[in-house]
Amino acid sequence: FKIDPDLSDKIKCRFLLSTQRSNPVSSPIKEINTFERIASKLETVLKSGNAIGFDIMGEESKLTDEERDYDNLQNSFKRKLELIFNVLVKHEDSVFRIHSGETSCSFDNTITVLRMLDEVIDEYCIANGVAREEVKLPEFRIGHGIYFDPSSEYLDLLHKLGVIIEINVSSN
């Protein structure tokens, strides 16, 4: 997408590209939105300067066993996080927003997502031979964030990752 040149000096915002959490990691069918294809599009949109990041959205439900299973090549949520993180980490001041903690039926999603993000960052550092302190992380945001595990691990991960929790009054 592009902002009309006549409006570009009047619009002082940039956008988050977003997709449904339910989209698969990959698919041989070109018409299906997959995280692999979306990550490629995200790279293009970030380079254009019209977007600053990415939002994984969708009606939240408890993460399934398939989503929790890294070896599940189609539904692994961690694989989806990796694909998007690996694009965003290359762009300074990017934002990675994930809808989580929206309903009581998904109480432990946020801690699970934070653990996955932490692992993704560690694995990125190892793969690229860099110390974690040297990596300019995207700004992590949890959209909704009202249902969560109030453990010390949860608080430690929020602090370690610098996560901003968004509370949307009209949605929650």
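1. Strand β4 (residues 139-144) is joined to β5 by 3 bridges, and the two strands run parallel. Strands are DSSP runs of E with at least two residues, helices are runs of H or I with at least four residues, and both are numbered from the N terminus. Two strands count as paired if DSSP finds at least two bridges between them. Within this pairing, Gly-143 has Glu-166 of β5 as its bridge partner.

2. The model is predicted: local features need pLDDT of at least 70 and side-chain atom pairs count only at pLDDT 80 or more, whereas totals for chains, interfaces and linings use all residues. Residues are numbered from 1 along each chain as its sequence is written, and side-chain values use heavy atoms, with hydrogens and water left out.

3. The open sheet consists of 5 strands in the order β1-β2-β3-β4-β5, with parallel pairing. β1 (15-20) and β5 (164-166) stand at the edges and have a single partner strand each, so one side of each is left without a neighbour in the sheet. From one strand to the next, the twist averages 20°.

4. At the β1 end of the order, β1 and β2 pair in the parallel sense over 6 bridges. Phe-15 has Ala-51 of β2 as its bridge partner. β2 is mostly covered, since 6 of its 7 residues are buried; buried means under 20% relative accessible area, exposed means over 50%, and partly exposed lies in between (1.4 Å probe, protein chains only).

5. Asp-55 lies in strand β2 (residues 51-57). Is Asp-55 buried or exposed? Asp-55 is buried, because its relative accessible area is 8%. The side chain of Asp-55 makes a polar contact with the side chain of His-99 at 3.3 Å. A polar contact is a pair of N or O atoms within 3.5 Å; within protein, one must be able to donate a hydrogen and the other to accept it, and residues adjacent in sequence count only if both atoms are side-chain atoms. Leaving aside residues up to four places away in sequence, Asp-55 touches Leu-16, Leu-17, Ser-18, Thr-19, Arg-97, Ile-98 and His-99, where contact means heavy atoms within 4.5 Å.

6. Helix α3 (residues 77-88) lies across β2, β3 (95-100) and β4, and runs at about 160° to β3. Helix α4 (residues 109-128) also packs on the sheet, where it touches β3 and β4 and its direction makes about 150° with that of β3. Axes are lines fitted to C-alpha atoms, for helices over the stretch in contact, and angles run from 0 to 180 degrees between N-to-C directions.

7. Helix α1 (residues 35-48) packs against α3 at an angle of about 15°, with the axes 9 Å apart. The two helices α1 and α3 are therefore roughly parallel; angles under 35 degrees count as roughly parallel, over 145 as roughly antiparallel, 65 to 115 as roughly perpendicular and the rest as oblique. The residues of α1 that meet α3 include Phe-35, Leu-42 and Leu-46.

8. The axes of α3 and α4 come within 10 Å and cross at roughly 50°, and these helices are therefore oblique to each other. Among the α3 residues that meet α4 are Phe-77, Leu-81 and Phe-85.

9. Glu-134 is placed in the loop between α4 and β4. Glu-134 is exposed, with a relative accessible area of 60%. Glu-134 and Met-57 are 77 residues apart in sequence and, C-alpha to C-alpha, 29 Å apart in space.
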